[in-house]
Every structure is written in C-alpha cells, then in structure tokens.
Amino acid sequence: MSELSVLVILGVIIALILIYAVRLRVVPVPCGRKARNEIISYLPREACRVTDFGSGWGDLVISIARARPDITVTGIELSPLPYAVSRIRARINQLENLFLIRADFRKIDRDPGDVVVCFLDPRVMADVGDVLNQRMAPGGIVISRAFAIPGWQAFGEIPMQSGSDMLYLYRIGSHLPG
Ligand SMILES: C[S@@+](CC[C@H](N)C(=O)[O-])C[C@H]1O[C@@H](n2cnc3c(N)ncnc32)[C@H](O)[C@@H]1O
C-alpha cells in the first residue's frame, strides 16, 4: 500500500469521526478502566438490564458484560466507526450478555431496561431527560457521568475517584423536584 493510500484512509477515518462528533455534539472519547470499575460498582446487585446511551468504542459495555454475566447490557451508538470497532471487540470477547445497536438513542423506540448509563455532553442532556421521561419505567436508575440532566433531581452526586468528573444518580419516579 502506498503512503498516499494510507494517508487517504487515515483522512477518511478522521473525517468520519469528526462529522459524527459535530452532528451528535459528542466526541467519542474512551472510558478508562478505573472510571469503568467505578461506574460498575453503582450497578444494582441483582440481575438487571442496562443500556448505555452512546456506547462509543464499547469500553464500558464490554466491561459491564464481563464483570456481570448476570446483567444483559445493550450499547446504542450512532457513529459508524466507534460502533464498528465495538462490534469487533464484542465478537472477540464472545460475550453472550452484550448487544450492540447502531441507532440514535433519541429516536429508537425501545425500553431501556432497569439502568441507563451515559457519558455524553451538556448540550444533549435535555434530550436524554426527554427520552427517559417517555421510555423508562418508574424505579429505573440513571447513571450519568460528568453531566447532570437539567431540571432533574439526583439522589446522588458523587465525585469520581478516577478523575474530576461527578457521577449523577437518578431514580425515575423521584427525579422531578417537588
Ligand atoms: C464519550 S463517548 C461514551 C462512550 C461510552 N459510554 C463509554 O463510557 O465507554 C459518547 C458516545 O456517544 C455517542 N452518541 C452521542 N449522541 C448519540 C446519539 N444521539 N445516539 C447514539 N450515540 C450517540 C457518540 O458518538 C460517542 O461515541
């Protein structure tokens, strides 16, 4: 393969990542191991269904599926390259409790289950709140890394030990003030 072909392929890859980052207003940054373990420690002890809104390269969903075989975990990701990489990683890891969907979490008509996790951007958190208000059943738990859902009342706001981010914990049914 010539140097020019390598440069063209790299350019296409970078352009694809940038186009979706601008369109979705969220950059697909990876999630480090310590942060993943911390988030996993807040999942319910009992078997449940977890959805990651914007599962990126698959870091968190793969870690959850590995650490908790009793949990069925679904990642929803729209950006094609992170999604493709997460599919390859999922296949290599052969995790039967992991499902990946290429979709916009705002548009897909799907019950998100018992727990939603996300690590997005302040500009899209109002959309997250709207989607969950419509689709998540009372009692459901939401764990948002770094960004609060506007107008929602968290039952926990926990500084992460793995960095400067906060974890915002919400329970559907008691998430609206008053
Ligand atoms: C910071 S990454 C989070 C990765 C993953 N949650 C983790 O912790 O390993 C955020 C991801 O959300 C995706 N995203 C943003 N808006 C989305 C939407 N409306 N539907 C699906 N994916 C979305 C982005 O493409 C990006 O890959």
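1. A nonpolar core here is a set of buried Ala, Val, Leu, Ile, Met, Phe, Trp, Tyr and Cys residues joined through C-beta atoms within 7 Å. A residue is buried if 20 or more other C-beta atoms lie within 10 Å of its own, exposed if 12 or fewer, and partly exposed in between, with C-beta atoms placed from the backbone. With that in hand, the largest nonpolar core has 39 residues, and Val116 and Val117 have the most contacts inside it. Helix 3 (residues 59-67) gives this core its largest share, 5 residues. As background, nonpolar side chains in soluble globular proteins tend to be buried together.

2. Before going further, a word on the model and the numbering. This is a predicted model, in which local features need pLDDT of at least 70 and side-chain atom pairs count only at pLDDT 80 or more, while totals for chains, interfaces and linings use all residues. Residues are numbered from 1 along each chain as its sequence is written. Helices (H or I, at least four residues) and strands (E, at least two) are DSSP runs, numbered from the N terminus.

3. Two residues are in contact if their C-beta atoms, placed from the backbone, lie within 7 Å. Leaving aside neighbours within four places in sequence, Val117 is in contact with Ile39, Val50, Asp52, Leu60 and Ile143.

4. Now the sheet. Two strands pair if DSSP finds at least two bridges between them. There are 7 strands in an open sheet of mixed pairing, in the order 3-2-1-4-5-7-6. Strand 3 (98-102) and strand 6 (156-159) are the edge strands, each pairing on one side only. From one strand to the next, the twist averages 15°, where axes are lines fitted to C-alpha atoms, for helices over the stretch in contact, and angles run from 0 to 180 degrees between N-to-C directions.

5. Strand 4 and strand 5 are parallel, paired over 4 bridges, and Val115 has Ile141 in strand 5 as its bridge partner. Strand 6 and strand 7 (residues 166-171) run antiparallel and are joined by 4 bridges; here Glu157 stands opposite Tyr168 in strand 7. Strand 5 (residues 141-145) is largely enclosed by the rest of the structure, because 4 of its 5 residues are buried.

6. Helix 3 lies across strand 1 (49-53), strand 2 (72-77), strand 3 and strand 4 (115-118), and runs at about 170° to strand 2. Asp59, Leu60, Val61, Ile62, Ile64 and Ala65 are buried in helix 3. The buried residues of helix 3 pack against helix 2 (33-41), strand 1, strand 2, helix 4, strand 3 and strand 4. Helix 4 (residues 80-93) lies across strand 2 and strand 3, at about 160° to strand 3.

7. Which residues come nearest to the ligand? They are Pro28, Cys31, Gly54, Gly56 and Leu60, out of 23 residues around the ligand; a residue is near a molecule or strand if its C-beta atom, placed from the backbone, lies within 6 Å of it. Helix 1 (3-24), helix 3 and strand 2 each supply at least two residues of this shell. The shell has 14 nonpolar, 4 polar and 5 charged residues, with Ala, Val, Leu, Ile, Met, Phe, Trp, Tyr, Cys and Pro counted as nonpolar, Asp, Glu, Lys and Arg as charged, and the others, Gly among them, as polar.

8. Gln94, a residue other than glycine, has a positive phi near 50°. Gln94 sits in the loop between helix 4 and strand 3 and is exposed, with 7 other C-beta atoms within 10 Å. Ala146, which is not a glycine either, has a positive phi of about 80°. Ala146 is in the loop between strand 5 and strand 6 and counts as partly exposed, with 18 C-beta neighbours inside 10 Å.

9. Pro30 is in the loop between helix 1 and helix 2, and counts as partly exposed with 13 C-beta neighbours inside 10 Å. Not counting residues up to four places away in sequence, Pro30 touches Gly56, Trp57 and Asp59. Glu38 lies in helix 2 and, with 18 C-beta neighbours inside 10 Å, is partly exposed. Under that sequence exclusion of up to four places, Glu38 touches Met160, Gln161 and Ser162.
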